[in-house]
Amino acid sequence: MITSAEGYAIDDDTATPLETTDGNFIKSPMVGTFYASASPGAKPFVNLGDIVNEGDVVCIVEAMKMMNEIKSEFTGKVISIKVDNSEPVEYGQALFEIEE
């Protein structure tokens, strides 16, 4: 298996993302910077193991100096946080995995 620069596994002229698309992932709706809390030093919106409801704010993505609240599309338990605080994120990048 060969991995491309874009993070795709290439096998027999087919390309599939290395990250699975199965599961409930909250994805970034835009390119920007991920923030886990409302301000530096504040407690994060969510932690591993927290229960979130559909519509709960789980993080902020800053894009062009605008702070955009990202809300959960699922109700369930946070089982994975895919990015670190202040890390750049891409459109469609998984931010959280939620177990329903």
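**Around strand β11: questions and answers**

The chain has an accessible surface of about 6600 Å², and 51% of that belongs to carbon and sulfur atoms (areas by the Shrake-Rupley method with a 1.4 Å probe; for residues, only the protein chains shown count as cover). This is a predicted model, where local features need pLDDT of at least 70 and side-chain atom pairs pLDDT 80 or more, while totals for chains, interfaces and linings use all residues. Residues are numbered from 1 along each chain as its sequence is written, and side-chain values use heavy atoms, with hydrogens and water left out.

Q: Why is E97 called buried?
A: Buried means under 20% relative accessible area, exposed means over 50%, and partly exposed is in between (1.4 Å probe, protein chains only). E97 has a relative accessible area of 19%, so E97 is buried. Of the 100 residues of the chain, 31% count as buried.

Q: What does E97 touch?
A: Contact means heavy atoms within 4.5 Å. Leaving aside neighbours within four places in sequence, E97 is in contact with N24, F25, K77, V78, I79, S80 and K82. E97 sits in strand β11, and F25 stands opposite E97 there.

Q: What makes β11 mostly covered?
A: Five of its six residues are buried.

Q: How do you know that β4 and β11 pair?
A: Two strands pair if DSSP finds at least two bridges between them. Four bridges join β4 (residues 24-27) to β11, and these strands run antiparallel. Strand β9 (residues 76-81) also pairs with β11 over four bridges, in the antiparallel sense; I81 has F96 as its bridge partner in β11.

Q: Why does one side of β4 and of β6 lack a neighbour in the sheet?
A: The open sheet has four strands in the order β4-β11-β9-β6, with antiparallel pairing. β4 and β6 (51-52) stand at the edges with a single partner strand each, so one side of each is left without a neighbour in the sheet.

Q: Which residues touch the most other members of the largest nonpolar core?
A: F34, V58, L95 and F96, out of 16 residues. β7 (57-63) and β11 (94-99) each supply at least two residues of this core. Such a core is a set of buried Ala, Val, Leu, Ile, Met, Phe, Trp, Tyr and Cys residues joined through side-chain atoms within 4.5 Å.

Q: How many aromatic pairs are there, and why is the F34 and F96 pair called tilted?
A: Rings of Phe, Tyr and Trp (its six-membered ring) pair if their centres lie within 6.5 Å; planes under 30 degrees apart count as stacked, over 60 as edge-to-face and the rest as tilted. By this rule the count is one aromatic pair. The rings of F34 and F96 have centres 5.9 Å apart and planes at 55°, so the pair is tilted. F34 lies in strand β5 (residues 32-35) and F96 in strand β11, so the pair ties together parts that are 62 residues apart in sequence. Both F34 and F96 are buried.
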